[in-house]
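I opened the model to look up its elements, its surface and a few residue pairs. These are my notes.

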Amino acid sequence: MWFSLDVFLRDGDGVFLTYATRGRGVEPLGPIWTFLDLTPLGRQEAWEDTPEGRPQTPPYEWWRLHDEYAEAAR
């Protein structure tokens with residue numbers, strides 16, 4: 001038994017394994033950006049190609065700095 005990281009993409013009724021690593025291969029996976037870069041659709045930056053039918057919002061629209069949360073709650 002070992003730890004593994006598997007990334008899948010569902011397209012309709014099909015499910016595809018797009019990335020897999022095990023054992024020592026998971027060591028460089030620290031920041032969340034690394035995980036997003038491994039996914040089939042990436043970070044969804046404006047410069048990336050987005051498949052038709054997939055939502056594309058401005059990048060980091062959800063991102064708020066620490067002191068902006070109180071403002072957003074009002």
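The entries below go from the whole chain to single residues.

**Entry 1: ground rules.** I am working with a predicted model, where local features need pLDDT of at least 70, side-chain atom pairs count only at pLDDT 80 or more, and totals for chains, interfaces and linings use all residues. Residues are numbered from 1 along each chain as its sequence is written, and side-chain values use heavy atoms, with hydrogens and water left out.

**Entry 2: confidence.** I looked up pLDDT, the predictor's confidence in each residue, from 0 to 100. The protein averages 77, and 84% of the residues score at least 70. Strand β2 (residues 14-22) has the highest mean, 90, while helix α2 (residues 69-73) has the lowest, 63.

**Entry 3: elements.** I found two helices and two strands. Read from the N terminus, the order is β-β-α-α. Both kinds are DSSP runs numbered from the N terminus: helices are H or I with at least four residues, strands are E with at least two.

**Entry 4: surface and contacts.** I noted that 11% of the 74 residues count as buried. Buried means under 20% relative accessible area, exposed means over 50%, and partly exposed lies in between (1.4 Å probe, protein chains only). The protein exposes about 6,500 Å², and carbon and sulfur atoms supply 56% of that area. Accessible areas come from the Shrake-Rupley method with a 1.4 Å probe; for residues, only the protein chains shown count as cover. I then took contacts (heavy atoms within 4.5 Å). Of those between residues at least 6 apart in sequence, 18% join residues at least 24 apart.

**Entry 5: the strand pair.** How do β1 and β2 run, and how many bridges join them? They are antiparallel, with eight bridges; strands pair if DSSP finds at least two bridges between them. I checked two positions across the pair: serine 4 stands opposite arginine 22 in β2, and leucine 9 stands opposite phenylalanine 16 in β2. The hairpin has two residues between its strands, and glycine 12 takes a positive phi near 65°.

**Entry 6: the salt bridge.** I searched the whole structure for salt bridges (a side-chain nitrogen of Lys or Arg within 4 Å of a carboxyl oxygen of Asp or Glu) and got one. Aspartate 6 pairs with arginine 22, and their closest N and O atoms are 3.7 Å apart. The two residues are 16 apart and link distant parts of the chain, aspartate 6 being in strand β1 (residues 4-11) and arginine 22 in strand β2. Side chains of opposite charge can pair when their charged atoms come close. Aspartate 6 is partly exposed at 29% relative accessible area, and arginine 22 is partly exposed at 40%.

**Entry 7: a nonpolar patch.** I found Phe8, Val15 and Leu17 forming a nonpolar patch on the surface, with about 320 Å² of accessible area together. Patches take residues with over 30% relative accessible area and no salt bridge; like charges are joined within 9 Å, and nonpolar side chains (Val, Leu, Ile, Met, Phe, Trp, Tyr) within 5 Å. Valine 15 is in strand β2 and counts as exposed, at 54% relative accessibility.

**Entry 8: the loop between the helices.** Is alanine 46 buried or exposed? Alanine 46 counts as exposed, at 63% relative accessibility, and lies in the loop between α1 (32-38) and α2. Leaving out residues up to four places away in sequence, alanine 46 touches Gln56 and Pro59. The C-alpha atoms of alanine 46 and proline 58 are 6.8 Å apart, with the residues twelve apart along the chain.

Proline 59 is also in the loop between α1 and α2 and counts as partly exposed, at 32% relative accessibility. Between proline 59 and arginine 43, 16 residues apart along the chain, the C-alpha separation is 8.0 Å.
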